[in-house]
Amino acid sequence: MSETSAARIGVIADTSLQRHVLQQALTANGYQVVLNNDPERLQEEDLAAVEADLWLVDLAQTEDSPLVNSLLERDSCPVLFGEGRAPERHSEHYPRWERRLFGKLKRLVGDPSYVVGPRLEVLRRDESQPSCLELPASLVRARELAGEPAREVWLLAASLGGPEAVKAFLDVLPAGLPVGFVYAQHIEASFEAALSQAVGRHSQWQVGQSRDRDRIRCGEVVIAPIAQELGFDKDGSMLLTGRTWPEPYSPSIDQMMLNLAQQFGQRCGVIAFSGMGSDGNAAAAYVLRQGARVWTQRADTCACSSMPDSLREGGYSTLSGDPRELAQALVNHLAQQAYEPVAVSQVDNP
């Protein structure tokens, strides 16, 4: 797979349901399915005509199969066997099955989210500056909290198409809101620094890297690190744990949601922007139980809607909109809260 194209996957499965689930899962995670068929309808010459980077084989019986033997005799691409029958899409077991499958695929044929990084240069050259939303009168005094530890922290979660969507959201979000953000973006690690420059270019918000043992501040967007998990200390300080994120995503939106909700409870929220796969789906129920909110970008405004679609289909999203509508919804939400400027010592520890 090149840095700008999706890996090509050939699927051979002996039940129509399994073929359907695999087709949906692979395309939702950014892979190109070049063949998806029943082995009874395939000949060896059919396989030879397909240009695949990997074959995914799921058969009840693989012994003494001429097709399987033909695939194994080739040395051009790997063959992945027996990942097991896929659970129902919204089953509690589905996220674990999906993570296991795509962890293996990413090691074997690469990570489709790597196409995100090279596109950042387009954002850096973008000169458009949309009009910013107005700060409600009820939040004018909240400007005094700028730079103070944020009592309310929201997660901006994204994958393919995410930088464009998050930039559009931040470009119209007015300064002076009593909130801080963590931005978890599936992207190759070498582009982590460029992400803050591209996304924060026209924004009134400070976009930067995480800081160990420091609090998230009002008026800032902290990028979740790619190389290690971001957690929180008892006082709400960020902790660079030194642990890698759970596979297959870096950062893991599921894990970031859990860490945020455990620390901030109902004083947090999640906005899932454009992206592949279903990262975030496994943790969404816990986030809602903590009294927090889950919002999603509307499908017709996404470059790839699989990730927000997954949250909507699971019944977790309570609001959907384009980036500007989501920004307006957040302004309205904060305007309804009773915020008063307080000294740092008076801010309750999360």
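Modeller: Gladly! Let's start at the second largest pocket, whose lining divides into eight nonpolar, three polar and five charged residues (Ala, Val, Leu, Ile, Met, Phe, Trp, Tyr, Cys and Pro count as nonpolar, Asp, Glu, Lys and Arg as charged, and the others, Gly among them, as polar). Please keep in mind that this is a predicted model, where local features need pLDDT of at least 70 and side-chain atom pairs pLDDT 80 or more, while totals for chains, interfaces and linings use all residues. Residues are numbered from 1 along each chain as its sequence is written, and side-chain values use heavy atoms, without hydrogens or water.

The lining has 16 residues in total, and those nearest the centre of the pocket are Lys 106, Asp 111, Tyr 114, Pro 248 and Ser 250. The space inside comes to about 240 Å³. (A pocket is an open set of points on a 1 Å grid over the protein atoms alone where a 1.4 Å probe fits, with protein on both sides within 12 Å along at least five of seven lines, and lining residues have an atom within 4 Å of a point; the volume is the space filled by probe spheres on points joined across faces, edges and corners.)

Follow the chain onward into helix α8 (residues 253–264), whose axis comes within 8 Å of that of helix α9 (residues 281–289), crossing at roughly 15° (helices are DSSP runs of H or I with at least four residues, and strands are runs of E with at least two, numbered from the N terminus; axes are lines fitted to C-alpha atoms over the stretch in contact, with angles from 0 to 180 degrees between N-to-C directions). That crossing angle makes α8 roughly parallel to α9, the term for angles under 35 degrees. From α8, the contact (heavy atoms within 4.5 Å) takes in Asp 254, Met 257, Leu 258, Ala 261 and Gln 262. From α9, Asn 281, Ala 282, Ala 283, Ala 284, Tyr 286 and Val 287 join in. By class, this contact has eight nonpolar, two polar and one charged residues.

Notes: Parallel < 35°, antiparallel > 145°, perpendicular 65-115°, else oblique.
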